[in-house]
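Me: I'm new to this one and would like to learn how to read it. Could you take me through it feature by feature?

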Amino acid sequence: MDWRLLGVSFLTVFLAEIGDKSQVAAIALSGSSAHPRNVFAGNVVALILASFLGILTGEGVAQVFPMRIVKASQTRWSKMVSSIMEIRITRVR
């Protein structure tokens, strides 16, 4: 097992999730719920599934495209997804 890769992966995802929209949603749901453990379980399952899908997608993309193209498109993709999420959250309010 590559402990360094494990540590870097954990730290990167952990820091990225602090204050993220998913954490804010978890705070709102658990604060208004009588069963915060169920909110926790739902969040854990959702994050595991999202991570799994991201890893599978990344593995597939890395086999098809050169790494320089993957890295260049990563920034554009994350900005686009963030913009879509902001629009959806604004509309919900």
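**Reading the helices and rings**

Reply: Happy to. Let's start with F14: at 43% relative accessibility, F14 counts as partly exposed, because buried means under 20% relative accessible area, exposed over 50%, and partly exposed in between (1.4 Å probe, protein chains only). Keep in mind that this is a predicted model, where local features need pLDDT of at least 70, side-chain atom pairs count only at pLDDT 80 or more, and totals for chains, interfaces and linings use all residues. Residues are numbered from 1 along each chain as its sequence is written, and side-chain values use heavy atoms, with hydrogens and water left out.

Me: Is F10 buried or exposed?

Reply: F10 counts as exposed, at 56% relative accessibility.

Me: How many aromatic pairs does a search of the whole structure find?

Reply: The general idea is that rings of Phe, Tyr and Trp (its six-membered ring) pair if their centres lie within 6.5 Å; planes under 30 degrees apart count as stacked, over 60 as edge-to-face and the rest as tilted. Here the search finds one pair. F10 and F14 form it, and it is stacked, with 5.6 Å centre to centre and 15 degrees between the planes.

Me: Where do F10 and F14 lie?

Reply: Both are in helix 1 (residues 3–17), four residues apart, which is about one turn of the helix. Helices here are DSSP runs (H or I, at least four residues), numbered from the N terminus.

Me: How do I read two packed helices?

Reply: They are described by the angle between their axes and the distance between the axes. The axes are lines fitted to C-alpha atoms over the stretch in contact, and angles run from 0 to 180 degrees between N-to-C directions. In this model, helix 2 (residues 21–31) and helix 3 (residues 36–64) pack at about 160 degrees, with axes 9 Å apart. Helix 2 and helix 3 are therefore roughly antiparallel, a label for angles over 145 degrees.

Me: Which residues meet there?

Reply: From helix 2, S22, A26, L29 and S30 meet P36, V39, N43 and L47 of helix 3. The residues of this contact divide into five nonpolar, three polar and no charged. Ala, Val, Leu, Ile, Met, Phe, Trp, Tyr, Cys and Pro count as nonpolar, Asp, Glu, Lys and Arg as charged, and the others, Gly among them, as polar.

Me: What is L47 in contact with, leaving aside its neighbours within four places in sequence?

Reply: Contact means heavy atoms within 4.5 Å, and L47 has E17 and S22 as its partners beyond those neighbours. L47 and S22 are 25 residues apart in sequence and 8.9 Å apart in space, C-alpha to C-alpha. L47 is partly exposed, with a relative accessible area of 39%.

How values were computed. Helix = DSSP H or I, 4+ residues; strand = E, 2+ residues; numbered from the N terminus. Parallel < 35°, antiparallel > 145°, perpendicular 65-115°, else oblique.
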